[in-house]
Amino acid sequence: MKDTASLAKTLYIKTYGCQMNAYDSSRMADVMAPLGYTQVAEPEGADMVILNTCHIREKAAEKVYSELGRLRKLKAARDGDVIVAVAGCVAQAEGEEIARRAPVVDMVFGPQNYHRLPEMLAKLGRDGGPVLDTDFPVEDKFDALPKANANGAPTAFLTVQEGCDKFCTFCVVPYTRGAEFSRPVAQIMTEARGLVESGVREITLLGQNVNAFHGDDAGGKPCGLGRLIGQLADITGLERIRYTTSHPRDMDDELIEAHGRVEKLMPYLHLPVQSGSDKILKAMNRQHTGDEYRALVARIRAARNDLALSSDFIVGFPGETDADFDATMTLIKDINYAQAYSFKYSPRPGTPGADMENQIPDEVKSDRLARLQALLNAQAAAFHGAMVDRELDVLFEKPGRHKGQLTGRSPYLQPVHVDAPTALLGQIARVKIKAVQANSLGGELLRAADREVA
Ligand code: 5AD
Ligand code: SF4
């Protein structure tokens with residue numbers, strides 16, 4: 001086992017699943033930095049490997065065990081001289097089982113415990129077995145974390161809310177991430193200011209159910225997401241604000257109004273609907289109908305008419321008939337999405353959906369998924385196609401694939417490749433869109449955007 005006290009060590013973190021996990025991984029790197037660990041891009045040769053796992057669908061959870069198989073060989077080849085840790089939602093849900101099934105693992109900890117990584121490291125090897133930490137501690141992990149580090153990138157995630165109280169019948173999140181919790185506004189503002197000072201121009205506010213956000217304001221009163229976005233928009237140098245993922249039931253008036261009022265709030269919204277059938281929506285415990293979702297989208301579009309929408313869909317939820325599936329296709333046609341994620345229903349142990357009758361055969365799920373994705377892909381292609389000859393603001397994030405090129409994002413999150421000087425990295429510039437590729441746009445630089453970049 002490694003001596004954990006000496007300096008200059010390397011850490012490899014593999015992140016699965018959602019953006020919240022990506023945020024958590026970068027915060028784990030922040031926690032480990034004072035212990036002398038720098039992050040590396042490959043597991044080979046690393047002193048410590050953390051798998052930050054996802055439990056949302058069966059496939060995602062299975063990947064952990066196959067990766068642990070690979071790590072077992074890597075560890076054996078190095079005479080055990082690597083610390084292997086499993087973090088995230090699989091760790092939370094199956095902690096003991098991981099420890100039992102995979103002796104290669106030295107540490108298992110949940111999403112609420114990674115601020116205690118130094119303590120866990122100190123315990124390593126003391127009792128022989130792996131160090132397990134998957135309880136929901138009462139202390140605020142965010143209070144215990146060091147300052148967020150954007151590593152010079154112009155975009156960053158910022159977790160404002162965690163957990164979920166909605167209990168959609170297909171979803172493990174309320175079990176793995178626990179009850180809804182919002183960070184206090186002052187703590188979020190401090191983190192946001194720090195990120196902007198380090199060069200961040202765009203912040204994506206994260207939460208499993210981000211628009212349920214109700215963090216305490218300075219007076220101890222609950223503040224909604226709309227008001228928080230308004231306050232963040234006052235930070236000089238912060239140019240773009242996004243948030244994800246939202247539940248339709250939590251789109252309150254203040255948040256809808258923010259879409260019309262706050263220019264820095266980007267006109268792109270991920271608002272999962274999952275299904276267009278009222279019967280299935282009810283069985284999923286989504287607490288709204290298809291028409292209520294349509295009416296909600298109409299209200300948000302009335303506030304911000306260039307709003308582009310994205311969604312998640314599940315096909316083959318128990319009891320889904322052809323007519324239910326057709327209702328989903330109709331809803332997609334009615335809304336017209338710019339982008340979407342779609343999945344075959346995956347029964348998750350412990351969730352009500354897994355015990356429902358009328359589970360749908362896999363062939364039916366596959367067939368429906370293919371038809372749904374064909375429609376969504378056609379809508380996405382039409383959305384991208386409509387950008388040609390338009391002028392868009394692009395925030396340049398990194399060098400492009402070709403020499404002299406930079407890659408950035410449009411307000412609608414589309415990657416845009418442009419011939420532009422490196423000096424524009426981290427800046428927003430006006431770009432005329434000239435070409436559409438499969439998942440990105442190509443454009444010509446016009447000028448730095450009118451808005452001053454601090
Ligand atoms: N099966 C399939 N998809 C799921 N999702 C969540 N749970 C399941 C499941 N059991 C999808 C939902 C959610 C997204 C993050 O993952 O569409 O919005
Ligand atoms: Fe899962 Fe989202 Fe439903 Fe919460 S709102 S239970 S995170 S799908």
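## Getting to know a predicted model

Among contacts in the protein (heavy atoms within 4.5 Å) between residues at least 6 apart in sequence, 71% join residues at least 24 apart. Before you start: this is a predicted model, where local features need pLDDT of at least 70 and side-chain atom pairs count only at pLDDT 80 or more, while totals for chains, interfaces and linings use all residues. Residues are numbered from 1 along each chain as its sequence is written, and side-chain values use heavy atoms, leaving out hydrogens and water.

**Exercise 1.** Work out what the overall build of the protein is.

*Solution.*
- Start with the elements: there are 13 helices and 19 strands, taken as DSSP runs (H or I, at least four residues, for helices; E, at least two, for strands) and numbered from the N terminus.
- Next, the radius of gyration, taken over C-alpha atoms, is set against the globule rule, 2.2 Å times the number of residues to the power 0.38. The protein comes out at 23 Å, close to the 22 Å that the rule gives for 454 residues, so it is as compact as a globular protein of that length.
- Then the box: along the principal axes, the C-alpha atoms fill roughly 60 × 60 × 50 Å.
- Finally, buried residues make up 55% of the 454. Buried means under 20% relative accessible area, exposed over 50%, and partly exposed in between (1.4 Å probe, protein chains only).

**Exercise 2.** Look at Arg27 and Asp30: how do their side chains meet, and are both residues buried or exposed?

*Solution.*
- Their side chains meet in a salt bridge, at 2.9 Å from N to O. That term needs a side-chain nitrogen of Lys or Arg within 4 Å of a carboxyl oxygen of Asp or Glu.
- Now place them: Arg27 and Asp30 sit three residues apart in helix 1 (residues 19–32), so about one helical turn separates them.
- As for cover, both Arg27 and Asp30 are buried.

**Exercise 3.** Find which residue Glu391 forms a salt bridge with, and where the two sit.

*Solution.*
- The partner is Arg430, with the closest N and O atoms 3.4 Å apart.
- This pair links distant parts of the chain: Glu391 belongs to strand 15 (residues 391–399) and Arg430 to strand 18 (residues 428–436), 39 residues apart.
- Glu391 counts as partly exposed because its relative accessibility is 36%. Arg430 is partly exposed too, at 24%.

**Exercise 4.** How many salt bridges does a search of the whole structure find?

*Solution.*
- The search finds 29.
- One network of salt bridges links Asp24, Lys141, Glu162 and Arg177.

Methods
Chains lettered and ligands numbered in written order.
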